Structure formats: C-alpha cells, structure tokens
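This briefing is intended for a reader who is meeting the structure for the first time. Please keep the sequence and the model in view while reading.

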Amino acid sequence: MAEVQEGGFRAFHPSWEDPSCARNLAVWVCGVDDLRLLPYTVVPQLGMNDVRVKIKAVGICGSDVHYVKKLRNSRVAMKEPMVLGHESSGVICEVGASVTHLRVGDRVALEAGIPCNSCVLCKEGRYNLCKNVRFFGSPPTNGSLTQEVVHPASLCYKLPDNLTFEEGAMCEPLSVGVHACRRAKVEPGRRVLILGAGPIGLIVLLVSRAFGATTVHVTDIDQRRLMAAASLGAEGTLRVSSDMNDMENEVMELKQLIGVPIDVTFDCVGITKTMQTALKVTKSGGKVCLVGMGQDNLTLPLTSSAAREVDVLGIFRYCNTYPLCLDLLQSRKVDVRPLITHRYRLTEDDMKEAFQTTAMAGDAIKVMFTI
Amino acid sequence: MERRREERQHSWWRSRRPKDVKIRMKAVGICGSDVHYYKHMRLTNSIVKEPMVIGHEYAGVVEEIGNEVTHLAVGDNVTLEPGVSCAHCSHCKEGRYNLCDEMKCFATPPIHGCLANFVVHPASLCFKLPENVSLEEGAMCEPLSVGVHACRRAGAGPHTKVLIMGSGPIGLVTLMAAKEFGFPRVAVVDVDENRLKMAQELGAHEVGCVSTRIEDVEKEVLEIQQKMAAGIDITFDCAGLEKTMRTALKATRSGGEVCLVGMGHVEMKVPSTAAAAREVDILGLHRYRNTYQLCIDLISSGRINVKPLITHRFRFSQEDVVKAFNVSAMGGSAIKVMFNI
C-alpha cells in the first residue's frame, strides 16, 4: 500500500512484500521518527567481485539520526523508505567467482561507499568525492543496519584476530579521523586543538595522538564530554558556551591554556561560532579543518585569517583509510573500545531506544547494534 | 660645502648598519593597499595612527653600501623586497618569513614606506637588476611576486585549470604567473569589459563579464563552468568580496582549491559547509616569500612582460603625487600607476 506523504515521499518499499527475504530484517526509516524493523531484499545472485556478508555489528551516527528526523541530508532528500546504517562489520558467507583475497568465514570490516572507479576523482584516488558514489544509508542507497548485505570484495577488509566485530564497525567513524589528520598533516611537533568532543571529536583526538601530535586540547559545551576527552589523553580541556558573545574571551582563554601557537584546529562541530574561534585561535600559516557539518551558511572573518595564511580544509568522509585503521587498532595505537557506550540488539524496542539514546547525546558516545 | 655633505652623510651613517645599503629612488608603483591607507587610514587590522610615508613597490640605484655588503656595488640598479623579517622566530626559520610576527614592511603601519628620495634597506633584500630589466620593471617585481606566490601556494601543475576572479593589477599578475607556471587553461572574470580586454591581450584563454549582484552567483557559476568544461581546479579570488568567494567556492571542482588573494571584505557569509563537503579548500595568502629572483628571471628572459600593466606615470611633486593617487583610486583603465624620477 503506497502512502504518499509530503514532498513526494512514498512510504512503501517492495522488499516488504517479497517472500524470499522475510528472513533478512533491516532497520528502515519510513517517515519522520518512524522506524520499523522490516524485511530487506538482498540480491540473490552474487556478482563476480562481490561477497555476501552476514552483518555482526553496526554503529549508528548523527547522520543516521538526522535521516530519522528530517528524511534528508543537506544535499539529497529521501523519496522512499531507506535502510539506515553505514558503520558495519560481519562474516563472509559467500564469495563471488573472481574473489581471491577473501574466503567464507573471514571476518571483515565494510567500507561504506562504493565509488564509480571511472571518473577523474576516482582515478586520482579521491574516490570519497565521486559524484556517483553509492554510500550505505545515504539516499537512495540502503544502509547496512540489517542481517545480510552484498558488497564489493575490494571494500571488505579482513579483521585481525585480536579485533572484535565492534572494533571492525568502528573503522568507519575512525576513518573520518584518519582522513582529517592526514589532510591536516598532523605529525610530531604539531599542536592540535579540537572543537567539539562528540564521537568525531574524540576519534580525532585518538588519531591525532596516534599520529604523534605533541599536544591535543579539546573544547566542548558539555563537561561530561570533556571528562571523556581527558580520559582519552587530551592534554587539557576547556568548557565553552554556545553564546557568540563569549567567543573573544574563549579565544584568549584557549591561547593562555595552550600557551604555544596552535598548528591545526579541527572543528568537529561546524557552526559559525566554532569556525570563527578556529580561524582566530590558529597560528599564522596553520590549518583549520572543518569536519563537522553543523551549519550550511557560515559567516566567517575569512580575509583576516586568509591574510595570515590560515588555510581552511574541508573533510568529506574518507578514502584509503581502512588498512591504516585496522593497523592502528590492532597495534593498540588507537583503542576505540571506550567509545562504545551503549549496545542494542535488532529488536523493535531496542531499535527505538538506540536512536533515542544517540539523539540525546550527553553520556552516549557510540551506540552499537549487535546483530 | 664639504662640511654640509659630511653632516648629511653623518646623519645617514648613524642609522645605517654594516649589512645595509642606501638606495636612491627611481621607480615606485602604487598599490591598492597604499590607496586604501590614503582613503581609510587602515587596512583590516593595520591602523595608521600618525602620518606615514606610503609606497612599497620600489626600485632604485645603490648609492652607498655598508662594510659587510659584498654582492652589490655602488651604481647597481636594484629592486627592493619591502618586508624585513626577524630571522629568528619559528616562521622565519621554517622558511615562511612572510608570516613573521615582527615583520616590518614598507608602508604597513607603523613602518614608513619608500615613496621617498632615499631609503636604507638590508642588502639581502635588494636584488640586482640585469641590464635588460628596467627600473620600472624592477618595481613591478613586487606585485608580480603576489601572483607568483599565489601560484606556488596553490600547488598547481601543467594539468591545472584556473579561474581568476578580478582583472585588476593583482588578477593580471596572477594571470601572467599562471601562464608561466604552465597552467593549460586560464579564465578571467571581471565587472569591467576594458579590464577583460587587457586580460585577453595578456593571454587569458577565456574571459567573462560578471555583475556585482549577489543574486547572480548561481547563473554566473553555470556560465563559468560551461566555459571551462573540464572543470576548475583552482580559483584565485583577486577581488576578495563575499560575492566572488561564493562564486569561487561553487565553481571550483570537488577536491580543488580557492586561493583568497584579494582583501575586499573582512567578514563574509560563505557557504562553507557545502564547500568543505566537496573538499574545496580555502588557502590564504600573505604577500609572498622567496619570489624576487624568480620574478627578475621571468622578466629578464622575456617570459613575462610587465610593461603593458604600467598605464600611468607621474613625477615626484606634490601635485603629481595627489593626481597619481586619485588616478589609481579610480581603477578602470588605470592598472599600475608608477612614479618616476
């Protein structure tokens, strides 16, 4: 039955009436705040270069919550119900005819975006920017918060024996931190400042330290999150407000707290106040890395920061990060386990609670489904 | 007569150091920043608190050299790099001396400029001009350095397609530098058709006339992208206004760069998230560093011809000075206004 909602959204998917996939359940967003556990068709025939994966762990993130609340992201709107989730790992249960590097039984982490592999950006290695990428849980591509998916083998990475499925799923958000630290060239000698101690800010903290940053300082409006940052190795933290009028004072306090010029500032919130702070507090010749996606149109004092050669780098997802993530986790240079604060199973009640917990933030850092 | 000359020498000797030289001015160009100080007594965070000598694009003849100067001789024609950095801060030691916090640059308050008969300057910042480079061309090394530094910062190569917003003196030197750096395709846009004609004469592959209205951004982005079908890798915003930055951030391809060269507006409302989500980076620029010798070589070898940019010349009198600044302030057909002695 097709229910046409506002904006041309048809709240129906053919999967739900397909008898062959009744066994494969998924978490669907079917309308605003309308989450349902329903069947999801997975292709019966495996492509030569694909693998079939039984999903074992899926983390959820702010962007998943955003779809539940708004049915869209800043660029594209959902036109029909969609399976959520993109941070996943699982076990291979079938391999395509041409797949050689993976076998049935292998435990793998799944890289969420399938690029086209033929455009200029893909060929230059910046496949995260591919215009035709199919990304789990980004309309119109269904996500991986389900029991089974089919995925290109080249985007499945074998988990070392000492890593859990949860750590495998964490490779996805961890990749954002790795990509950001790479783009910003974090290395020994660098003084790093992170604005925002949510899951992404905390991951950037862990990766900055793993990349050898000399010091990492963190700000947030929530004291609990600052305590988490301190326990994860931040040299110092500063509680800030959400009031623009406090910005000048906060810039001064930050400079006093850190005491030396700041080379790189990661804005993991992405609103006018944090970006303005970043542009003012970063040293001449330094870099501001915009990771968060809080606000679309920011008012920035660009000329005065550009005139100090403070560069602004954008971050969009990640590319070529999974192997490094697995190395960092395996060697324990990065330990993401403390970030997993809540766990749920794939049931109706758990599903609803999981998303509510993520939306409320506060104590919750990473919410993980165990499938 | 002898005693008076001694006295004059004596007062100059007092302020001169063993590594300095004394230069007699021959050619000084006026820049938009000089005009801005003249009209507004400030430029972003630099405020003129007391009368200040203006001018920083300078070339002249060496009149006297300090004891420890070896690479210059009296009578040499030289061009001057105006900024004296401290040499011991971390910026200087890392080679980014243009960012030195103790930078003393001609005509940036409180440091006096060089639109004067004589200046004293560190010899290491005076570059000898070859026979075939005139003093005017020497003075042009300063603005040309901005173009060269922009192209270097943008890290481009023989595959890079470029858009330049603004066809004023800085847009045009950036155009010249871009072509020299081997960029295969350079488009220039401006609001003024005459300035675009100059850009075409200087080798722009595409030109486009744009408006000053912010509502036209979307339309102009499409037009520009059509002209540069293969995509714009780098945009140099040589105007530095909210409208030009918005256009630049939208028109540049994913993974590209926007280099903010101009200093039009200090606070801008820009669609930063949209640009960051395509990894379009925003690079800033602060004057230049390690560019002078390259500029001299480019001019001397004939690969860059800066002479067409010098559109107006004035002599060094009260009347001429006022006229020169007014001509420069009016823009339009005036690109580079030069003082000559």
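The points below concern the domains of chain B and a selection of salt bridges. The model is predicted. Chain B is divided into domain 1, covering 2–140 + 306–340, and domain 2, covering 150–284. Over all chains, the structure holds 44 salt bridges.

**Domains of chain B**

- The C-alpha centres of domain 1 and domain 2 of chain B are 30 Å apart, and their contact takes ten residues from domain 1 and eleven residues from domain 2.
- Between them, these two domains of chain B bury about 870 Å², with 75% of it on carbon and sulfur atoms.
- The side of domain 1 of chain B that touches domain 2 of chain B consists of five nonpolar, four polar and one charged residues.
- Across this interface there are zero salt bridges, while two residue pairs are in polar contact.

**Salt bridges within chain B**

- D20(B) and R17(B) form a salt bridge at 3.2 Å, N to O; D20(B) is buried at 4% relative accessibility, and R17(B) is partly exposed at 48%.
- E64(B) and K22(B) meet at 3.7 Å, N to O, in a salt bridge.
- E64(B) belongs to strand β4 and K22(B) to strand β1 of chain B, so this pair ties together parts 42 residues apart in sequence.
- Both partners are buried, E64(B) at 14% relative accessibility and K22(B) at 12%.
- D76(B) forms a salt bridge with K128(B), their closest N and O atoms being 3.7 Å apart.
- D76(B) is buried, with a relative accessible area of 12%, whereas K128(B) is partly exposed at 47%.

- Salt bridges with shared partners join E309(A), D311(A), R96(B), R153(B) and R289(B) into one network.

Terms used:
Residues numbered from 1 in each chain as written. Chains lettered and ligands numbered in written order. Predicted model: local features only at pLDDT ≥ 70, side-chain atom pairs only at ≥ 80, totals over all residues. Heavy atoms only, no water. Domains from an automatic or database assignment. Contact = heavy atoms within 4.5 Å. Buried area = accessible area lost by both parts, 1.4 Å probe. Salt bridge = Lys/Arg side-chain N within 4 Å of Asp/Glu carboxyl O. Polar contact = N/O pair within 3.5 Å; in protein donor to acceptor, adjacent residues only side chain to side chain. Nonpolar A, V, L, I, M, F, W, Y, C, P; charged D, E, K, R; others polar. Buried < 20%, exposed > 50% of the residue type's maximum accessible area, 1.4 Å probe, protein only. Helix = DSSP H or I, 4+ residues; strand = E, 2+ residues; numbered from the N terminus.
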